[in-house]
Amino acid sequence: MAKTKELSKDTRNKIVDLHQVGKTESAIGKQLGLKKSTVGAIIRKWKTYKTTDNLPRSGAPRKISPRGVKMITRTVSKNPRTTRGDLVNDLQRAGTKVTKPTISNTLRRQGLKSCSARRVPLLKPVHVQARLKFAREHLDDPDEDWENVIWSDETKIELFGKNSTRRVWRTKNAELHPKNTIPTVKHGGGNIMLWGCFSAKGPGRLIRVKERMNGAMYREILSENLLPSARALKMKRGWVFQHDNDPKHTARATKEWLRKKHFKVLEWPSQSPDLNPIENLWRELKVRVAQRQPQNITALEEICMEEWAKIPATVCENLVKTYR
């Protein structure tokens, strides 16, 4: 049966006004072109609730009782990795049969949302203390100090891998059209390792590391690229170099080389890649490269170099400006 059109508020009020001046339900119905039963329902509602407005509807009763809601909320608060399937089973053992979407809706009403767990470094107590020490020592550093830092790191970029994940708009049964696919090969299709640096003034040099890096190779990379980057970025006198605590970086020979070159090095807490703003720049680069969809390692390297050079200085400036 089709749903009838709801009466406007003016019509409902007019029914009440005519009833109050003594007109019958039949007379009101004829005058307004309505059924007698409709007029009667409006009048009864007004007599009972003193209003003709729509009243709140109770809707279907909740599948999960308040006690059940408390139980599953307590469970996920204790163990956030609990799955919806686990909660369905818990409630079923308690005598309540629900579906996974019902679990999601119930927890969402409690302010809990299912999200991907963030990947963070595994921190031991000693790492936590070192990070706190770093934060306290640099909490009041002026912005000018951070603008005079050259940040560096290495990263791996895959040819066909998770960096190339994309969504497409397509019609039904067109999932295998070449325009709607991303080519893949066994074991990811290879990757390249990059070393790069940047400052608040823009990207520095980016180079491909073609062999397994050791201390000697790392020092050669710094020798050929660090000072030229500082000059190109027009760093102020007394600029500071940042790198992490990788064994190649902290080797005695590397420390001695940096000392002889009179480079100031920012003391860095272990297990703290998330503190390095270059991680955000790597993300920017990988997104740009994925959009270009390189088909081989040679193209991947070329595109990485091209897109790195295109990153605006304002992006680098904002990364450093928001560092604190």
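Helices (H or I, at least four residues) and strands (E, at least two) are DSSP runs, numbered from the N terminus. The model is predicted: local features need pLDDT of at least 70, side-chain atom pairs count only at pLDDT 80 or more, and totals for chains, interfaces and linings use all residues. Residues are numbered from 1 along each chain as its sequence is written, and side-chain values use heavy atoms, with hydrogens and water left out.

**Figure 1. The whole chain.** The chain contains 14 helices and five strands. Of its 324 residues, 34% count as buried (buried means under 20% relative accessible area, exposed over 50%, and partly exposed in between, with a 1.4 Å probe and protein chains only). Among the contacts in the chain with a separation of 6 or more, 68% come from residues 24 or more positions apart. Contact here means heavy atoms within 4.5 Å.

**Figure 2. T24 in the loop between α1 and α2.** The loop that holds T24 runs between α1 (9–20) and α2. T24 counts as partly exposed, at 49% relative accessibility. From C-alpha to C-alpha, T24 and V39 are 9.5 Å apart in space, and they are 15 residues apart in sequence.

**Figure 3. Helix α2 against helix α3.** Two packed helices are described by the angle between their axes and the distance between the axes. For α2 (residues 25–32) and α3 (residues 36–49), the angle is about 115° and the axes are 8 Å apart. That makes α2 roughly perpendicular to α3. Axes are lines fitted to C-alpha atoms, for helices over the stretch in contact, and angles run from 0 to 180 degrees between N-to-C directions. Angles under 35 degrees count as roughly parallel, over 145 as roughly antiparallel, 65 to 115 as roughly perpendicular and the rest as oblique. On α2 the contact is made by E25, S26, I28 and G29, and on α3 by K36, V39, G40 and I43. By class, three of the residues in the contact of α2 with α3 are nonpolar, three polar and two charged. Ala, Val, Leu, Ile, Met, Phe, Trp, Tyr, Cys and Pro count as nonpolar, Asp, Glu, Lys and Arg as charged, and the others, Gly among them, as polar.

**Figure 4. S199 in strand β2.** S199 belongs to strand β2 (residues 191–199). With a relative accessible area of 0%, S199 is buried. Leaving aside residues up to four places away in sequence, S199 touches V149, I150, W151, L233, M235, C316 and V320.

Figure 5. In α11 (residues 252–260), the buried residues include T254, W257 and L258. They cover an arc of only 95° around the axis, which puts them on the same side of α11; the arc is that of the directions from the helix axis to the C-beta atoms. Among the elements that cover the buried residues of α11 are α9 (215–232), β4 (240–242), α10 (247–250) and β5 (264–265). Exposed residues R252, K255, R259 and K260 lie on the face of α11 turned away from its buried side. H262, which follows α11, has a positive phi, near 60°.

**Figure 6. Helix α12 against helix α13.** The axes of α12 (residues 278–292) and α13 (residues 297–310) come within 9 Å and cross at roughly 125°. The two helices are therefore oblique to each other. α12 passes α13 in a right-handed crossing.

Key: Left-handed = near helix turned anticlockwise from the far one by under 90°.
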